[in-house]
Amino acid sequence: MKSLALVATLVTGALLFYSTGDFAEWGSADSPPNQHVSVHYVEKAVEETHVPNIVTAVLGDYRGYDTMFELVVIYCAGTGVMAILRRREDEEDES
Amino acid sequence: MNSNLHMYILAAPLLTSFFLDIFGRKKQGLIAPFVLGSLALSSALAFVVLGRVLETGPISYTVGAWLPPWGIELLVDPLSGLMLLLIAVVALIASFAALPWVRKELHDRVHLFFILYLILVAGLMGLVLTADAFNLYVLLEITSITTYGLIAMGRGRAPLSSFNYIIMGSIGASFYLLGVGYLYLLTGTLNMADIAQFLPALQGSFALGTALAFVLVGLWIKMAFFPLHGWLPMAYSQAPSGAGVMIAPLMTKVTVYLMLRLMFSFIAPGFSMYETDLQSMIVWAAAIGIISASALALGQRDLKKMLTYIIVAEVGYMVGGAWLINEPGITGTVLHIVNDALMTLCLFLAAAAIAYRTGSLKFENLTNLYQKMPLTMAAFTVGAFAMIGVPPTCGFFSKWYLLLGGIEAGQWGYVVALVFSSLVNAILFFRIIEYAYFGKGADDHGHAAIERNEAPLMILCPLLLVAVALIVVGLSSGPLVENLIKLAIPAGFLG
Amino acid sequence: MRIDFDSARDQIPQRDMIVETAIRLMVPFIQLYGLYVIVHGHYSPGGGFQGGVVLGASVIMLGLAYGMPFSKAYLNEGTSIVMANIGALIFTGVAALCAFVGGMFLDYSALQTILPFISPVDWRSHGIFLVEVGVGMGVMMIMVSIYWDMASAGKMDEGL
Amino acid sequence: MEQLTSEILAKYNYWIYVVLMMIGFYAMIGKRNLVKKLIGMNIFQTAIILFFVSTGAKAGGKIPILNKYEVLEHGVNVNSIVNPLPHVLMLTAIVVGVSVTGVALAVMIRIYRKYGTLEEDEILQKIEEENG
């Protein structure tokens, strides 16, 4: 079991390690992520939302749908913890 | 196009769950009307939306009125409209049966159960709608977290199975997120259609192959594709029955839909990836998965456990059918998503009804059920026939399309696996029917010792409804394929 | 590794005057800072999640110093659940309201139809603020509720 | 030699992320203790966060908080501000990770109360004994 896990880990690691060869250089301003969608945010976010903090503008507005579900995720965690732990005495697990 | 109807489908269960937490804690009587009302509203709206989409064509909706690559895009096309309707209807039917079960099993945690239940439904609907790769991850985690919670509410081994599911599910989601990260690094965008535009230029890049591999493997873990299925049987069979009737039909099917959606966006025909051996490798893996899962199902002595292994085999059907990448294969896959959701719902409802009265689903305890619960067993038999693929029921038609697709693509391993699995299903279900019909032996024939003891109407009525639906959907397969599923498949995959 | 929950709850540790006093002095400032992080999210790093966690941490610190029952008395359990739901409802409610008044889901500028004297672009800014307040409330209450459940293993009576 | 140094500098973050990810992944599937599995999950998520944030870095970039009036008047030089999108995505991913950890810890408390241990082997042994 452990050797199987080790092999799986090494294979995944090798795959990821080898594919870093195709990546743009770290910190380069010309890499695709820094050139396509994000440019619009940096240039226009302040104008379009009047929020100086671009991260807040993107989080709250451009990708607000994500953030809504982010709150729902943490709400689920709270409800889930309650649902898992709050059992009546008579349905208690034996220890 | 400024219609928000499909957003209300999603918002109705979501908002209801918050109100349920405020009001349902004090007044248990409010839970049933809240849950049923919101899901009924969703189903009705989903029906209207599907009709509208068929009339006017796909709607591209942008949340927050930001144009697609910058904002989050939602796509309502015939396929997602069909899935929305399926999710809403299955959740509505399952919630009828869940109510008595949850009151019996969970006592004062009923409202917590239904909060998670409603958010799970909303999450599944969101998954079906979204056309944004990262939003898909967030929603995938919502459905996972609610499912972890629902499963861990069960008794006995449930927490341990839930923990295994948490670890496997997190690996799947993390792999998916890594894959999306790679795609973002290579293209600079998260919108699926926008990513697809950049892909032809990136052909042959090793990083792109890695990205797609991670996305696919992540989804395969989530849908329990054969070698990665380890978490599913324990998790689904240990879940509280009220949760099982909803999770089992919907979770894996929605994940299969997601794989289809990603294939439709990323792997347009003509793109080199599917001309390689990869495609037939996946189909072979599916074939091996179908055979192994069916063989494992033969070894089970518990009805619910056996059903979970059949689910794993069915996932093999759908993954294999999708990767045949020809018209009958994909048509069959979409049709099978619908049919399999209904068949699994029928069988799990029957299992829930039997367990409600007998308390156990071990084969030895299923004796004389035809005398005790004739209506339940009639519905169970219809479900079993559908699972085997006996003609008037819907299971036959989707299997027929899948077979045709396999023959057209020349994937004989897959065809053999389909036939083998149908035979195994026949053996499995006739074994149960034998137990349930003939019972222990001759000593109690003639005596009126066995009383009829059907499950409560809240479970029985939805069960009978689904059993009828199995036949109705089966008989209307032709129109369904012609008028709906043909429209749902992108033009490149047809013909 | 091997903790017996029942006996662990019997031995609530000795109260420590230094810890108690220090936390009593710190809590108001932490809460003020949490509010600042939420409210000032437009102009500095921060926002609803971060501020909510800081606010939640202040209540959890009270629980750690004085025992869980004290923090439950400090922040009523029923109130906390209702507040968590109101927080979530603010976000989803604003989102649905935007759709309801004729815009798209989460399109804050559509709220102009309700209060027309604020420009659509400013409405986006205020919409983000509204939503962040909801997030802050929700996250704070849920963090505290998770702490209560974990500390008392679901019994909600005693614990750290 | 210089070429090697520049190569290392260019890919250093990504290599470190792969190493972190491997540690986390191995802990998740190889370790037999449930707490260690959970810790592995958190390391895995941290690795992903490092990866995403690395994609948005710009050499010499400033934080994406601008002066409103100046920007409205003069505009902004894109290359001097780091990419905000990966940070937004990772805020979401962090919250998701916290939630999963919370649920996992709650499940673990129930497992511990039932079996009295968090070693997977011992738990499986106890289940065997229960089933006879």
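This is a predicted model: local features need pLDDT of at least 70, side-chain atom pairs count only at pLDDT 80 or more; totals for chains, interfaces and linings use all residues.

I began with Met22(D), which touches Thr9(A), Leu10(A) and Gly13(A), leaving aside residues up to four places away in sequence; contact here means heavy atoms within 4.5 Å. I then placed Met22(D) in helix α1 of chain D, residues 2-30. Helices are DSSP runs of H or I with at least four residues, strands are E runs of at least two, and both are numbered from the N terminus.

Residues are numbered from 1 along each chain as its sequence is written, chains are lettered from A and ligands numbered from 1 in the order written, and side-chain values use heavy atoms, without hydrogens and water.

Next I turned to chain C, and counted 6 helices and 0 strands. Its radius of gyration is 19 Å, well over the 15 Å that the globule rule gives for 160 residues, so chain C is more spread out than a compact globule. (The radius is taken over C-alpha atoms, and the rule is 2.2 Å times the number of residues to the power 0.38.) I found that the C-alpha atoms fill a box of roughly 60 × 30 × 25 Å along the principal axes.

Last, I looked at contacts in chain C with a separation of 6 or more: residues 24 or more positions apart account for 59% of them.
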